[in-house]
Amino acid sequence: MIQSIFSGLMYYKEDGSAEPDLAESVESDDSKVWTVKLKADQKYSDGSVIKAQDFVDSWNYGAAAANGQLLQSFFDPIEGFAEVAEEGSTIKEMKGLKVEDDTTFTVTLVAPQSDFAQRLGYSAYMPMPPSAFKDMKAFGEKPISSGPYKLETWSHDQEIVTVPNEHYNGPRKAKNGGITYRIYLEDDTMYNDLLSDAVDVTDTIPPSRLSTFQDELGERSVNAPGAVFQSITFSPTDKNYQGEAGKLRRQAISRAINRESICKNLFFDSRTPATDFVAPVIEGGGATDIKGAEVLQYDKAKAKELWDKAEAMQKFEGEFTLGYNSDGPHKDWVEAVCNSVKEALGVKATPKPFPEFGKFREQITNRKMPGAFRSGWQADYPSMFNFLGPIYSSAAADGKGSNDADYKNPEFDKLLAEGLSATDTEGALAKFKEAQALLMEDLPAIPLWYQNSLGGFSNVVKDVKYAWDTTPIYYEITKE
């Protein structure tokens with residue numbers, strides 16, 4: 001949805017390569033100071049011109065502590081971020097951003113990062129117009145667009161209607177009359193509507209149809225490796241998972257989960273047991289040589305041994321609960337994981353459903369979610385770092401990003417920084433693998449499996465493509 005109505009400096013092609021969208025160029029001689037030039041006469045959906053100042057204002061807004069933005073950590077590489085992001089800070093502008101003229105601005109990073117330009121297609125870096133800062137709530141309800149579509153109507157919890165943005169003149173120009181996003185509470189209902197051509201495109205297949213959807217849809221089905229990783233994260237405020245006993249307990253739970261059985265018997269091999277923290281479609285992902293990765297292997301005896309060792313240090317209080325949003329296809333696998341934990345450890349393990357994803361995430365964001373909860377990551381841009389930094393770095397903890405476990409490890413942060421500043425891909429991947437070894441030891445989240453890109457489309461649309469990150473490329477789709 002965000003990618004449809006907004007554009008960034010770059011966009012990602014079907015194969016994951018980054019190409020200019022609003023940018024004319026993003027260049028650097030040293031990977032530390034970057035010069036960004038915008039294409040001339042790019043406009044928002046209200047006809048106003050997109051300017052370099054809009055990017056600087058939007059990035060500063062996203063980084064400033066006072067604004068409490070959940071993508072704040074994505075601005076961490078920029079010089080001056082630490083000062084504006086510090087809790088209680090009244091500083092609102094990063095010194096690393098400078099407007100040169102209406103179509104040019106420079107970005108100075110704290111250290112060289114060779115993949116910086118590649119990141120700039122992600123939504124955190126997309127611009128907002130000056131009017132947004134006058135009333136951000138109103139802008140959130142009816143945003144002014146910079147992308148191929150604009151918002152026509154929004155019936156909350158029912159549907160979102162978009163139409164082509166006539167002022168957009170970039171490489172993603174819509175080839176259809178608009179997209180209506182219909183919101184379903186039940187995936188089976190959605191799938192039945194797909195079969196009757198009442199739904200045109202989906203990137204979700206209900207668990208109940210995994211064994212049959214390819215036969216039912218034929219060439220209109222999609223099943224391919226995707227940039228999606230599923231995991232379990234633990235509440236940072238739950239005493240059961242704190243300290244050395246908590247670490248052992250997380251390791252025990254990981255050993256107690258029979259990933260292979262669940263992937264085969266429940267997901268019909270549309271999932272693959274995880275061997276690391278990065279989806280294998282990403283270069284360096286799906287690694288099988290991470291130190292300590294044996295903690296992801298099912299072993300009932302070892303699981304019980306680790307659990308008993310934790311119990312000798314600190315008694316477990318209550319029961320193991322696993323939270324999830326029931327408006328997504330999670331119920332069956334959450335129950336399977338709970339049964340696996342119960343069987344291996346001899347503890348009570350209970351699924352904890354939340355009816356809506358929004359309410360589920362609200363509990364997590366406010367650090368009110370007890371026990372464990374389902375988590376995961378769909379790549380923002382095709383980089384190994386993107387599966388590590390935004391989820392486990394100290395900069396992304398405490399509500400400043402997606403580090404829902406509030407995991408903080410200075411050595412992990414150091415290895416990430418060294419990986420980003422490496423001058424060659426091989427050196428970067430080596431540092432990121434070292435960082436993953438620390439995650440295997442600490443397990444702020446337990447990797448479960450990599451998820452295939454699944455989906456399908458109706459008989460009345462054509463030119464349907466699914467991008468590297470598993471999402472349909474809506475602007476390409478045409479309708480009979």
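## Overall architecture

The secondary structure of the protein chain comprises 15 helices and 18 strands; helices (H or I, at least four residues) and strands (E, at least two) are DSSP runs, numbered from the N terminus. This is a predicted model, in which local features need pLDDT of at least 70 and side-chain atom pairs count only at pLDDT 80 or more, while totals for chains, interfaces and linings use all residues. Residues are numbered from 1 along each chain as its sequence is written, and side-chain values use heavy atoms, with hydrogens and water left out.

## Dimensions and surface

The C-alpha atoms of the protein chain fill a box of roughly 65 × 55 × 40 Å, taken along the principal axes. The radius of gyration of the protein chain is 23 Å, which agrees with the value near 23 Å for a compact globule with 480 residues. This radius is taken over C-alpha atoms, and the globule rule is 2.2 Å times the number of residues to the power 0.38.

Of the 480 residues in the protein chain, 53% are buried (buried means under 20% relative accessible area, exposed over 50%, partly exposed in between, with a 1.4 Å probe and protein chains only). The accessible surface comes to about 20900 Å², and 47% of this surface belongs to carbon and sulfur atoms. Accessible areas come from the Shrake-Rupley method with a 1.4 Å probe; for residues, only the protein chains shown count as cover.

Among contacts (heavy atoms within 4.5 Å) between residues at least 6 apart in sequence, 66% join residues at least 24 apart.

## Packing of two helices

The axes of helix α8 (residues 243–256) and helix α11 (residues 331–345) come within 8 Å and cross at roughly 110°. Helix α8 is therefore roughly perpendicular to α11. Axes are lines fitted to C-alpha atoms, for helices over the stretch in contact, and angles run from 0 to 180 degrees between N-to-C directions. Angles under 35 degrees count as roughly parallel, over 145 as roughly antiparallel, 65 to 115 as roughly perpendicular and the rest as oblique.

Helix α8 contributes A252, I253 and A256 to the contact, and α11 contributes S340, V341, A344 and L345.

## Two individual residues

E476 lies in the loop between β17 (461–462) and β18 (478–479). With 17% relative accessibility, E476 counts as buried. Leaving aside neighbours within four places in sequence, E476 is in contact with K175, D463 and K465.

T365 belongs to helix α12 (residues 357–365). T365 has a relative accessible area of 26% and is partly exposed. The C-alpha atoms of T365 and N409 are separated by 20 Å, and these residues are 44 residues apart along the chain.
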